[in-house]
Amino acid sequence: MQNVPFNSWPRFLLAVLAAWTVYILISSLAAVSDLGDQAGLQAWLPIFAGYASGVWPFLLITIALFVAIDWLVSTEKPLGVHIAGMVSITLGLMILYAPLVGISKDLKNGVPVTDLLASISRVSMFNWLWDATVFVGTLAIAYSWRYSRRAAEESIKSLELELANQKLGAELSSLELELLRRQLEPHFLFNALNSVSALIRTADRAAASDALVELGELLRYAIESEQMEYVPVDRELAYARRYLSLQKLRFGDRLQFDFALGEASGAERVPPMLLQPILENAVRHGVEQTNAPVRLKVLVEQLDARVLIEIRNSCTRDETTTRGFGIGLSNLEKRLACVYSTDFQFSAKRIDDEFVVRLSIPMQLANAAPE
């Protein structure tokens, strides 16, 4: 038997024993009350013993029913087998149990063995029907218990499966996020080295030296950020300034930029390397595509428990509208989905003569995130 009521055989047996004992007590007290005021303890004891001798076998019958029903349900027997089993058990017990009780009573009263068959005819219709009702009631209780237990087991399995799916989803999101971050870093390093290489080719040693210093700080931040899920906004902005300063060494006056915190304090937390793909997109699809000056503006502010970031760069060529949304921005949107699920807004589009990237992330998560 895989399942036992109360999760313990001793507790189950005690519960069955207690249930039938209560039944015997109630039945014997009811019988004594029918005798009137003259009935007392001396009248009650034999009545109790008589009921006990007839009802105690139900202890074994009840256990047998629970075991049989547990097996039927556990082995996924068809409904027809269950119905046939219930009918067979009920009829069998009705045919055997009531006559056996009658015969046992006659034996106690000294009726000769040769006359015992006559005792079967003395079993009243009420006894037959009452025993059948008790059998059916016991079956109903056993079935109710087993199916309620089965429903509980399925509920637990469903919950465990849901938790396992959530854990797997979180692990997959974490792996996808890590993959996106690792795709970002080589791409950034390649572009940064290209900028330093261009300066070295111009024989501008001072600018190249400054560029190498800036590059070292950028790489330090990129390496340190691998160990952090979130960083303060002011650290991310410091990184962005260094990145754009490095690019300005390459492009000179063709690249101009400014930063504004708006209503933000700078302590708000965001995923590291959040701004880099946006800035790189602006340089690659904005500055590199024109000889005219490109102005890049970065705004970070706090509004209604959210962190709002807006980066816009001027653009003068129609090419920007088709080439402005690169792989870096696509990966950034996927990364935001991994971190914030659906609780973020992201847009990148041309507005008049500017290409504008806007994103909004929840302030609560940003504040709660550890470095």
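Colleague: Which residues does L13 touch, not counting those up to four places away in sequence?

Modeller: L13 touches L59 and I63, where contact means heavy atoms within 4.5 Å. This is a predicted model, in which local features need pLDDT of at least 70 and side-chain atom pairs count only at pLDDT 80 or more, while totals for chains, interfaces and linings use all residues. Residues are numbered from 1 along each chain as its sequence is written, and side-chain values use heavy atoms, with hydrogens and water left out. L13 and L59 are 46 residues apart along the chain, and their C-alpha atoms are separated by 8.3 Å.

Colleague: In which helix does L13 lie, and is L13 buried, partly exposed or exposed?

Modeller: L13 lies in helix α1, residues 9-35; helices (H or I, at least four residues) and strands (E, at least two) are DSSP runs, numbered from the N terminus. Buried means under 20% relative accessible area, exposed over 50% and partly exposed in between, with a 1.4 Å probe and protein chains only. L13 has 35%, so L13 is partly exposed.

Colleague: Why is S225 called buried?

Modeller: S225, in helix α7, has a relative accessible area of 1%, which puts S225 in the buried class. The C-alpha atoms of S225 and P272 are separated by 5.9 Å, at 47 residues apart along the chain.

Colleague: How do you know that α9 is largely enclosed by the rest of the structure?

Modeller: Nine of the ten residues of α9 are buried, so the helix is largely enclosed. Those buried residues are Q276, P277, I278, L279, E280, N281, A282, V283 and H285.

Colleague: Why are α8 and α9 called roughly parallel?

Modeller: Axes are lines fitted to C-alpha atoms, for helices over the stretch in contact, and angles run from 0 to 180 degrees between N-to-C directions. Under 35 degrees counts as roughly parallel, over 145 as roughly antiparallel, 65 to 115 as roughly perpendicular and the rest as oblique. Helix α8 (233-251) and helix α9 (276-285) pack at about 20°, with axes 10 Å apart, so the pair is roughly parallel. The contact is made by E236, Y239, A240, Y243, L244, Q247 and F251 of α8 and Q276, L279, E280 and V283 of α9.

Colleague: What makes the pair α9 and α11 roughly antiparallel?

Modeller: The axes of α9 and α11 come within 8 Å and cross at roughly 160°; the two helices are therefore roughly antiparallel. P277, I278 and N281 in α9 meet G328, L329 and L332 in α11.

Colleague: Which residues touch the most other members of the largest nonpolar core?

Modeller: L279, L336 and L359 do, in a core of 48 residues. A nonpolar core is a set of buried Ala, Val, Leu, Ile, Met, Phe, Trp, Tyr and Cys residues joined through side-chain atoms within 4.5 Å. α7, α8, β2, α9, β4, β5, α11 and β7 each supply at least two residues of the core, and α8 gives the most, with eight. Leaving aside neighbours within four places in sequence, L359 is in contact with L274, I278, V307, L308, I309, L332, L336, Q345 and F346. A second, separate core of 21 residues includes V16, I63, V73 and F135.

Colleague: How many helices and strands are there, and what share of the residues is buried?

Modeller: There are twelve helices and seven strands, and 40% of the 371 residues are buried.
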